[in-house]
Amino acid sequence: MSKLHLITYGCQMNEYDSERVAGLLKQERYELTDRPEDADLILLNTCSIREKAEDKVFSQLGILRHLKRERPDLVIGVMGCMAQLQKGRIQERAPYVDLVFGSPAISRVAELVGRAKQGRGPVLETGEGALVKITARPEGGQRLKAFVTVMEGCEKYCTFCVVPTTRGRERSHPPDTIVGEIRGLAEAGCREVTLLGQTVNAYGRDLSPPTDLAALLERVNDIDGIERIRFTTSNPYNLTPRLIRAIRDVPKVCEYLHLPLQSGSDRVLERMNRGYSRARYLELIAELQATIPDLALSTDLIVGFPGETEEDFERTVAMVEEVGYDNVFAFRYSRRPGTPAAEMDDQVPEEVKADRNRRILETAVRVGAARSQRLEGRTLPVLVDGVARKNAGEAAGRTRCNRVVNFDPGGRDLLGRVVPVRVVRALPHSLRGELEA
């Protein structure tokens with residue numbers, strides 16, 4: 001069999017796409033290898049959300065150039081969002097790359113690889129294509145958790161974001177197709193699924209007849225074998241009372257929500273074209289917390305957006321304190337080609353971005369630690385999904401509120417089971433627990 005080496009950067013949807021590519025190429029007699037030097041085909045699944053992610057890809061391509069020089073028949077391909085956005089730069093900086101294709105062409109990966117192997121010049125495929133549901137997966141051990149893409153694309157056109165360019169317009173997969181995929185996962189031993197979409201809570205409005213994410217959650221809840229359901233990423237603009245009630249009422253849906261804020265300043269939110277205000281976001285938080293008192297919240301923040309003043313930044317810090325997030329993902333603003341924000345005159349100096357990123361993370365860590373400490377003494381259901389990173393003799397799992405818990409399993413094999421664990425100590429990045437009888 002031929003050997004495939006896959007390198008994945010970026011979000012959960014890229015992980016999902018890489019699995020599909022490996023599954024499709026398995027049908028063409030490719031097996032995965034962890035060693036690039038043994039591979040006949042190397043694919044880099046890329047991310048373009050920030051410049052740093054692209055720099056990592058170009059660095060990796062520089063390393064692979066030496067393999068290509070030693071083995072001219074090796075096929076090197078770049079796929080995903082960076083391929084969609086930067087095909088010209090990839091050809092310019094890495095002319096030895098044989099294949100460049102965007103996410104819409106993933107279903108045709110076998111055909112594209114075949115063309116690249118003919119050696120008639122680079123194969124480029126970055127146009128928008130039809131939405132195709134691919135369920136092929138590579139062989140492997142028991143998979144307790146899985147990502148499932150339910151929709152792709154975004155039509156919000158935030159001024160900093162390339163997703164509408166790289167992933168296209170919002171398109172939803174039919175509910176029956178999604179349910180069928182998840183039923184197959186459950187039959188293979190999967191216990192938890194995370195439903196994916198760039199704006200996942202806009203799911204279904206483009207279908208005929210239209211539906212919504214709440215209805216899909218209810219259908220997934222009825223699948224035997226699935227214990228937990230999560231979904232990401234939600235946009236505040238599409239968060240409805242019906243979906244909030246579904247988080248509360250659908251038994252298998254976890255009490256956890258990732259709801260990007262990006263900035264706590266109305267002036268910056270408007271320049272970002274986010275479609276909501278600080279006050280509206282806080283209204284949503286109040287409704288969420290009133291409906292689901294034990295809800296855990298995480299968010300995305302951008303610091304150093306063009307024109308962001310110290311006052312704007314302090315309003316973001318204040319929002320972290322007021323909302324009380326369990327986890328915060330903070331990033332320095334990165335100029336993305338073709339976006340309106342990249343052309344704004346009042347760019348913030350890099351040293352200011354770095355300082356603000358450090359300060360916002362300090363606040364987030366303190367707030368998150370206080371949230372974790374509130375779990376001490378409580379007994380929580382934990383889905384055991386492996387062993388502790390620092391002690392292979394301990395079991396590790398996650399709570400419904402998405403906290404990692406490490407505990408002594410008492411010599412029992414608990415993998416894949418949901419067990420009661422009492423939280424005895426909150427640590428910076430995990431919880432310490434004791435298995436209850």
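Y256 stands opposite A296 in β13. This is a predicted model. The pairing of β12 with β13 is parallel and runs over 3 bridges.

These strands belong to an open sheet of 3 strands. Its order is β12-β13-β14, and the pairing is parallel. Which strands stand at the edges? They are β12 (256-258) and β14. Each has a single partner strand, so one side of each is left without a neighbour in the sheet. From one strand to the next, the twist averages 10 degrees.

## An aromatic cluster

How many aromatic pairs does a search of the whole structure find? The search finds 3. One of them joins F160 and F305. Their ring centres are 6.4 Å apart, and their planes meet at 85 degrees. Planes over 60 degrees apart count as edge-to-face, so the pair of F160 and F305 is edge-to-face. This pair links distant parts of the chain. F160 is in the loop between β8 (151-152) and α5 (163-166). F305 is in the loop between β13 (296-303) and α11 (310-323). The two residues are 145 residues apart.

F305 also forms an edge-to-face pair with Y333. Here the distance is 5.4 Å centre to centre, with 75 degrees between the planes. Again, the pair links distant parts of the chain, 28 residues apart. Y333 lies in the loop between β14 (327-332) and α12 (350-373). Together, ring pairs link F160, F305 and Y333 into a cluster.

F160 has 12% relative accessibility, so F160 counts as buried. F305 is at 0% and is buried. Y333 is buried as well, at 4%.

## Charges over rings

Two arginines sit over aromatic rings. The charged end of R20 is over the ring of Y16, 3.5 Å from the ring's centre. R93 lies over the face of F58. There the distance to the ring centre is 3.9 Å.

β3 is mostly covered. Of its 6 residues, 6 are buried. In a regular strand, side chains alternate between the two faces of the sheet. Which residues of β3 point one way, and which the other? L41, L43 and N45 point one way. I42, L44 and T46 point the other way. All of these residues are buried.

β3 pairs with β1 (residues 2-8) and with β4. The strands β1 and β3 run parallel and are joined by 5 bridges. In this pairing, T8 stands opposite N45. β3 and β4 are also parallel, over 6 bridges.

## Helix α4

Helix α4 spans residues 109-117. Its buried residues include V109, L112, V113 and A116. Where do the buried residues fall, seen down the axis of α4? They fall within an arc of 100 degrees, so they line one face of the helix.

What do these buried residues pack against? One partner is a helix, α1 (12-26). The others are the strands β2 (30-32), β3 (41-46), β4 (75-80), β5 (99-101) and β6 (123-125). Just after α4 comes G119, which takes a positive phi of about 70 degrees.

## Strands β7, β10 and β11

Another open sheet has 3 strands in the order β7-β10-β11. Its pairing is parallel. β7 (145-149) and β11 stand at the edges. Each has a single partner strand, so one side of each is left without a neighbour in the sheet. The twist averages 25 degrees from one strand to the next.

β10 (residues 192-196) pairs with β11 over 5 bridges. E192 stands opposite R228 in β11. Helix α6 (residues 175-187) packs on the sheet and touches β7 and β10. The direction of α6 makes about 165 degrees with that of β7.

## A buried asparagine in a loop

N238 lies in the loop between β11 (228-232) and α8 (241-249). With a relative accessible area of 9%, N238 is buried. What is N238 in contact with, leaving aside its neighbours within four places in sequence? Its contacts are K156, N201, A202 and R205.

How values were computed:
Residues are numbered from 1 along each chain as its sequence is written. This is a predicted model: local features need pLDDT of at least 70, side-chain atom pairs count only at pLDDT 80 or more; totals for chains, interfaces and linings use all residues. Side-chain values use heavy atoms; hydrogens and water are left out. Rings of Phe, Tyr and Trp (its six-membered ring) pair if their centres lie within 6.5 Å; planes under 30 degrees apart count as stacked, over 60 as edge-to-face and the rest as tilted. Helices (H or I, at least four residues) and strands (E, at least two) are DSSP runs, numbered from the N terminus. Buried means under 20% relative accessible area, exposed over 50%, partly exposed in between (1.4 Å probe, protein chains only). A charge sits over a ring if NZ of Lys or CZ of Arg is within 6 Å of the ring centre and within 35 degrees of the ring normal. Two strands pair if DSSP finds at least two bridges between them. Axes are lines fitted to C-alpha atoms, for helices over the stretch in contact, and angles run from 0 to 180 degrees between N-to-C directions. Contact means heavy atoms within 4.5 Å. The arc is that of the directions from the helix axis to the C-beta atoms.
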